[in-house]
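The following note concerns the pockets and strands of one model. Please keep the structure in view while reading the numbered points.

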Amino acid sequence: PPLAATVGDLRFFVANVSLVTSGGVEEPVSLTPDGVWQSESLALVDLEAACDTSGNAELHADLPGTVLAGDYTGIAFDLGVPFADNHLDSTTAPAPLNIPAMFWSWQSGYKFVRVELKLAAEAGGSWLLHIGSVGCVSDSGVRPPDSECPHANRTRVTLTGFDPADDRIVLDLDALFAGTDLSVNAPKSPPGCMSDLAEASDCAPPFERLGIDFATGGPGKAATAFVVR
């Protein structure tokens, strides 16, 4: 039977947002920097205050910005932090890259997606989905890499049938965890998925739902967890 779960955390980075015309042309959106949640090209979507959490109380569900006037029928965005920004020092980085909870290390960079589920004790107590780049090589864990990590784990999400005046984008958690058995876990690994290559049984299904090929760390099939409503 399905497991009962509550959401303890739900945050993810998006970058390079564009609106898409009916002809497939992407027009970049210049996000409005606010010193907290977003710069001109990068934003942290934070939905954790709507969850069972002890995190910050504020939400960031809207991405204010400007775009050339046009007839738009779709939207596209990168899920993740671009390599040029992914290995900064989170203690000195500008917003929204200054949040320690979304950071692993200089070597690995940021957690692009952080979804944490709370389960009953008999089901393991928790199931965590932390997605970021892995296999990154540098002189030490406190040094950034000079080149892209072997498994970047970024993708570009494109959604059609989107009217920016009326529609919203939803991260459908039922779709995200479809095909994932939350009651089991890869042996000798943390609960859930930390993006480690040894966690294929835990990671591959949600990665696929987000449009990431777990085996390569590159774009995979079209994302099904993001829907227009």
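1. Two strands are said to pair if DSSP finds at least two bridges between them. Strands (E, at least two residues) and helices (H or I, at least four) are DSSP runs, numbered from the N terminus. By this rule, β9 and strand β10 (residues 126-131) are joined by six bridges and run antiparallel. The bridge partner of E116 in β10 is L128.

2. The model is a predicted one, in which local features need pLDDT of at least 70 and side-chain atom pairs count only at pLDDT 80 or more, while totals for chains, interfaces and linings use all residues. Residues are numbered from 1 along each chain as its sequence is written, and side-chain values use heavy atoms, with hydrogens and water left out.

3. The hairpin of β9 and β10 has six residues between the strands. Within this hairpin, G124 adopts a positive phi near 115°.

4. Strand β9 also has β1 as an antiparallel partner, with seven bridges between them. Here V7 stands opposite L117 in β9.

5. Why is strand β9 largely enclosed by the rest of the structure? Six of the seven residues of this strand (residues 113-119) are buried, so the strand is largely enclosed. Buried means under 20% relative accessible area, with a 1.4 Å probe and protein chains only.

6. The lining of the largest pocket consists of 25 residues, and A61, L63, I75, F162 and I169 lie nearest the centre. β1 (5-21), β5 (65-66), β6 (72-79) and β12 (169-171) each supply at least two lining residues; the largest share, four residues, comes from β1. By class, the lining has 20 nonpolar, two polar and three charged residues. Ala, Val, Leu, Ile, Met, Phe, Trp, Tyr, Cys and Pro count as nonpolar, Asp, Glu, Lys and Arg as charged, and the others, Gly among them, as polar.

7. The second largest pocket holds about 240 Å³ of space. Eleven residues line this pocket, with L3, A5, D174, F177 and L182 nearest its centre. β1 and α2 (173-176) are the elements that give two or more residues to this lining, and β1 provides the largest share, three residues.

Key
On a 1 Å grid over the protein atoms alone, a cavity is a set of points where a 1.4 Å probe fits but cannot get out, and a pocket is an open set with protein on both sides within 12 Å along at least five of seven lines; lining residues have an atom within 4 Å of a point. Grid points are joined across faces, edges and corners, and a volume is the space filled by probe spheres set on the points. Buried means under 20% relative accessible area, exposed over 50%, partly exposed in between (1.4 Å probe, protein chains only).
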